[in-house]
Structures are given as C-alpha cells and as structure tokens.
Amino acid sequence: MSETLQTPGVVTSDADLLAQTVSAVREAGSALRERFGDVVRYETREELMRALAVNDDAALDILRPRLTSLRPEAGWVEDELDGGALPPGEWWVVDPAEGNVNHLHALPEWAVTATLVRENLPVLTVVHLPLTGETYTALTGGGAHVDGRPLRVSPTADLGLSIVATSQARPDEDEKVVRRVGSSITAMLFDALVVRTAVPATLHLVNVAAGRIDAFWQFAGARADLLPGALLVTEAGGRISDAEGRPWTPQSDSFLAAAPGVHAEAVATLSR
C-alpha cells in the first residue's frame, strides 16, 4: 500500500520512491559490473579488506548521494554487517556489494541492495543482479516483483520434496553459532530433498520469493543480509520467523523464510 511522504523539499509516494531507488541501484550495479572479471588476489586479511572496500566505495559513491537526495531526513546504516534494532524514524539499509567476496573471486553470485526501513519495518526494497540484469523489488502491500513480473513462493507442502538453503552470516562467527549451523545442515540433509549452502543470503531469499527454493534459514545475521529478502518473501506470500517459529525481528538470533506449506516442518527440523 503506497502512502505519500513529506520531508523538507521532498514529496513522493512510496511507489515513486521505489522507482527512483531502482534507478540508483541499477546505476551502482553497472559500476560494479565494470569492475568484474579477473580474480582479485590477496595474501592477508588486510589486503582482502582493502579490496572489499574498493568495491563498496565504487557503489556507495553512487548510492549515497542518490538515496540521500530522495530521503534527506533518513538515516544511513554504515556497516552492512550490523544487526539489531534501528533508532526510530526512516533508515536506508544498503549493501553496496552483497556477496562482495564472490565478486572478488569472479563468481557470479553478488548483487546490490537498498532497503528503506521505517520504524524498524522494511517498506520497500530493491535487489539488483548486474550480471543477469534482473531487478527484484518489493513494496509493503504492493507485492514482490522481478522486472515487473509478480513473484510467488512455492506451493510445495512436503519438506522431503523441497530444496532448502542456508548461508554463512559473517566470517569469524563464534564457535556456538558455527556448531549450530553445522547441526542444522545435518538435520536438513536428513529431512529435505536438497540442501544448498552458499553466500550471500539475499540471493537465496530472492529464490524463495520466486518459488525456486522452498526454504532458507540462517543463524545470527545482519540487517542488510535479511531485510531485503524478508520483505520480498513476505510480499510473495511466504512466511518469516526465527528458527523456532517465533516472529522475526532484526534482534532475533536466527531467521527462517519458507513457503507456507513447509514452514512448520522446517521449524521442527531446525528445532531438533
């Protein structure tokens, strides 16, 4: 449902704002696509972090001024690995190179994302895949789409016939989280048809929204990883919760997005 927003010098509907966000995200994606190709070699963590930052900055140099001009009063989340609740008001949650390490390794699984969060709820999101040209969008109450075509989650009602997926929230997770991830993968290997494990989370979640994958889960996690997909899956008719079936918020220590027909089975598997 689109509403009209007013800030000093800016009056726009959420639907118009979404269209302008798409333009900004696609432009940033083009900048990253031009940098894509050869594997970027590094020998230390410091060299890796510098290479990641160069990609981030190439996209942020486009995204920050474009999005700030659209919503001058909105806050800006600086670190895409941050989690937890945001202060009141509007915030841009942006991942300028979601799957950045894949980009450095000349792997195709990466994207550019931007989500507007209002009072800790995502109200619009854009996920652009520069290598395929696909752009996934969602607007609260307005549905989820890829390049204008409606998205719908899978009708599958049997976890044993399902493709499921998980992702590593961040490097250097503590031992408790790593062991929880491992045990959940083992449990899903027994109960699901196929288990996929890869980064980034957002690309799994667009597949859940599109009905290609039946469920995705992750432990820990960052806002920029999960908020775009949470809105896409919800608007495509899916169910979002934590791994135990409770309502998910950015403060939750786990995340589950699934087609309604397999959600309860997925919760049971992950709760073992």
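Predicted model: local features only at pLDDT ≥ 70, side-chain atom pairs only at ≥ 80, totals over all residues.
Reader: In what order do the strands of the seven-stranded open sheet lie?

Author: This sheet is open and its pairing is mixed. Its edges are formed by strand 3 (75–76) and strand 9 (149–150), each of which pairs on one side only. Read across the sheet, the order is 3-4-5-6-7-8-9.

Reader: How many bridges join strand 6 to strand 7?

Author: Strand 6 covers residues 121–129 and strand 7 covers residues 134–139. Within this pair, His-128 stands opposite Thr-135 of strand 7. The two strands run antiparallel, and the number of bridges joining them is six.

Reader: At what angle to strand 4 does helix 2 run?

Author: Helix 2 comprises residues 45–70. It lies across strand 3, strand 4 (90–98) and strand 5 (111–118).

Reader: Which strands form the edges of the five-stranded open sheet?

Author: The pairing in this second sheet is mixed, and the strand order is 11-10-12-14-13. An edge strand pairs on one side only, and this applies to strand 11 and strand 13.

Reader: Is the pairing of strand 10 with strand 11 parallel or antiparallel?

Author: Strands of a sheet pair through backbone hydrogen bonds, in one of two senses. Strand 10 (residues 163–166) and strand 11 (residues 194–197) share four bridges, and Val-164 stands opposite Val-195 in strand 11. The sense of this pairing is parallel.

Reader: What is the handedness of the β-α-β unit that includes helix 4?

Author: Helix 4 spans residues 175–191. Together with strand 10 and strand 11, helix 4 makes a β-α-β unit, and this unit is right-handed.

Reader: Which residue of strand 14 does Phe-219 stand opposite?

Author: Strand 12 (residues 215–219) pairs with strand 10 in the parallel sense over three bridges, with Thr-166 opposite Trp-217. Strand 12 is also joined to strand 14 (residues 254–258), by five bridges and in the antiparallel sense. In strand 14, the residue opposite Phe-219 is Ser-254.

Reader: Which strands does helix 5 touch?

Author: Helix 5 (residues 201–209) packs on the sheet, and its direction makes about 150 degrees with that of strand 12. Helix 6 lies across strand 12, strand 13 and strand 14, at about 145 degrees to strand 13. The strands touched by helix 5 are strand 10, strand 11, strand 12 and strand 14.

Reader: Which element gives the most residues to the lining of the second largest pocket?

Author: This pocket has a volume of about 320 Å³. Of its 15 lining residues, the closest to its centre are Leu-121, Pro-122, Ala-230, Thr-234 and Trp-248. Two or more lining residues come from each of strand 6, helix 6 (223–235) and strand 13 (239–241). With four residues, the element that gives the most is helix 6.

Reader: How many residues in the lining of the largest cavity are charged?

Author: A search of the whole structure finds one cavity of 30 Å³ or more, and about 40 Å³ of space lies in the largest cavity. Among the residues that line it are Gly-83, Gly-84, Arg-223, Trp-248 and Pro-250. By class, the lining has five nonpolar and four polar residues, and the number of charged residues is one.

Methods: Residues numbered from 1 in each chain as written. Heavy atoms only, no water. 1 Å grid on protein atoms, 1.4 Å probe; cavity = no way out; pocket = protein on both sides within 12 Å on 5 of 7 lines; lining within 4 Å. Points joined across faces, edges and corners; volume = space filled by probe spheres on them. Nonpolar A, V, L, I, M, F, W, Y, C, P; charged D, E, K, R; others polar. Pairing = 2+ DSSP bridges. Contact = heavy atoms within 4.5 Å. Axes fitted to C-alpha atoms, helices over the stretch in contact; angles between N-to-C directions. Right-handed = clockwise from strand over helix to strand, strands pointing away.
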